[in-house]
Amino acid sequence: MPAVFIVFATALAPGSRIRLTLDEGGHQVTKVVNLAFGAGVHPAFMAPVAITSLAVLAGMFIILDTRAADRRLVLAGERAGALLAGRLALVTVAALLATGVSLAVAATVATIGQWGLYTAASALLALTYALIGVTLAPLFGRVAGVLVAFLIPFLDLGIAQDPMLRATPPTWAHLLPGYGGFRLLTNAILTHGPIQGGPLLIALAWLTGAAVAATVLFRHNMRTPGGAHSAAQAGRVTG
């Protein structure tokens, strides 16, 4: 998916110039960016859409595919916290794998000012959306969850934060999960300035909030009708 998505985005890049408002060295500056094929900017903006789409799906399906087994383990006496740690570790690996593959493809066609910051911002977006996928799993299930999982990153990064549509994101877009990470990513593509403190804090706040929501829903989903009594019975049967 990253190869097809990013390479096609490169081939279909609009031959136009856009104005972007950026924070460079603590000052607001306006830059004119060429999106034409060969400029390498358009695929750099499309890569995070592929990353977050894969990450949110990975988070959702890992939780859905292991939910029944996790409930049986809880009944057998396993701690929900230990199961959650294992599942989140697997989700993290999947999100970072999607990030690595997508960035490897983007490196062949994209022009990036600061690769280190670009990689960090992409990983931050991937982890945030992977945790959002974990949250979506118990709320929407498998079929509706897939539709919502594809819809959210495209509405957020593909439309609300998209610099090809407007020089700066609208006010309502500041409330979306991708705002902070995408602002960091945009500056990484087009500037050589230091990390922006504001967007970084927003991105970390969304990551923390998604982690808390995923934890609460996972623990709630592991509750069984019999509670401790069922767990005790399962322990006696196992014994």
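# Helix packing in a predicted model

The crossing of H3 and H4 is right-handed, as seen in this predicted model.

Colleague: Which residues of H3 and H4 make the contact at this crossing, and at what angle do the two helices pack?

Modeller: From H3 the contact draws on residues including Leu-88, Val-91, Ala-95, Thr-99 and Leu-103, while H4 contributes residues including Trp-115, Tyr-118, Ser-122, Ala-126 and Val-134. The axes of H3 and H4 lie 9 Å apart, and the angle at which these helices pack is about 140°.

Colleague: Which word describes how H3 and H4 lie to each other, roughly antiparallel or oblique?

Modeller: An angle has to be over 145 degrees to count as roughly antiparallel, and H3 and H4 pack at about 140°. The pair therefore falls into the remaining class, and H3 and H4 are oblique.

Colleague: How far does H3 reach from its first C-alpha to its last?

Modeller: Helix H3 covers residues 80-106, which makes 27 residues. At 1.5 Å a residue, a span of 39 Å is expected, and the value computed for H3 is close to it, at 38 Å.

Colleague: What kind of aromatic pair do Trp-115 and Tyr-118 form?

Modeller: The structure holds 2 aromatic pairs. In the pair of Trp-115 and Tyr-118 the ring centres are 5.4 Å apart and the planes stand at 80°. Planes over 60 degrees apart count as edge-to-face, so the pair of Trp-115 and Tyr-118 is edge-to-face.

Colleague: How do H4 and H6 lie to each other, roughly parallel or roughly perpendicular?

Modeller: Helix H6, residues 197-221, packs with H4 at an angle of about 25°, with the axes 9 Å apart. Angles under 35 degrees count as roughly parallel, and the two helices meet in a left-handed crossing. H4 and H6 are therefore roughly parallel.

Colleague: Which residues is Thr-135 in contact with, leaving aside its neighbours within four places in sequence?

Modeller: Thr-135 lies in helix H4 and is buried, with a relative accessible area of 14%. Thr-135 is also among the H4 residues that make the contact with H6. Leaving aside neighbours within four places in sequence, its contacts are Ala-210, Ala-213, Ala-214 and Leu-217.

Colleague: What separates the C-alpha atoms of Val-41 and Val-109?

Modeller: Val-41 lies in the loop between strand S2 and helix H2, and Val-41 is buried, with a relative accessible area of 8%. Val-41 and Val-109 are 68 residues apart along the chain, and their C-alpha atoms are separated by 8.7 Å.

Colleague: Which pattern does the protein chain follow along the sequence?

Modeller: The secondary structure of the protein chain comes to 7 helices and 2 strands. Read along the sequence, these elements give the pattern α-β-β-α-α-α-α-α-α.

Key
Residues are numbered from 1 along each chain as its sequence is written. This is a predicted model: local features need pLDDT of at least 70, side-chain atom pairs count only at pLDDT 80 or more; totals for chains, interfaces and linings use all residues. Side-chain values use heavy atoms; hydrogens and water are left out. Rings of Phe, Tyr and Trp (its six-membered ring) pair if their centres lie within 6.5 Å; planes under 30 degrees apart count as stacked, over 60 as edge-to-face and the rest as tilted. Helices (H or I, at least four residues) and strands (E, at least two) are DSSP runs, numbered from the N terminus. The expected span of a helix is 1.5 Å times one less than its number of residues. Axes are lines fitted to C-alpha atoms, for helices over the stretch in contact, and angles run from 0 to 180 degrees between N-to-C directions. Angles under 35 degrees count as roughly parallel, over 145 as roughly antiparallel, 65 to 115 as roughly perpendicular and the rest as oblique. A crossing is left-handed if the near helix is turned anticlockwise from the far one by less than a right angle, and right-handed if clockwise. Contact means heavy atoms within 4.5 Å. Buried means under 20% relative accessible area, exposed over 50%, partly exposed in between (1.4 Å probe, protein chains only).
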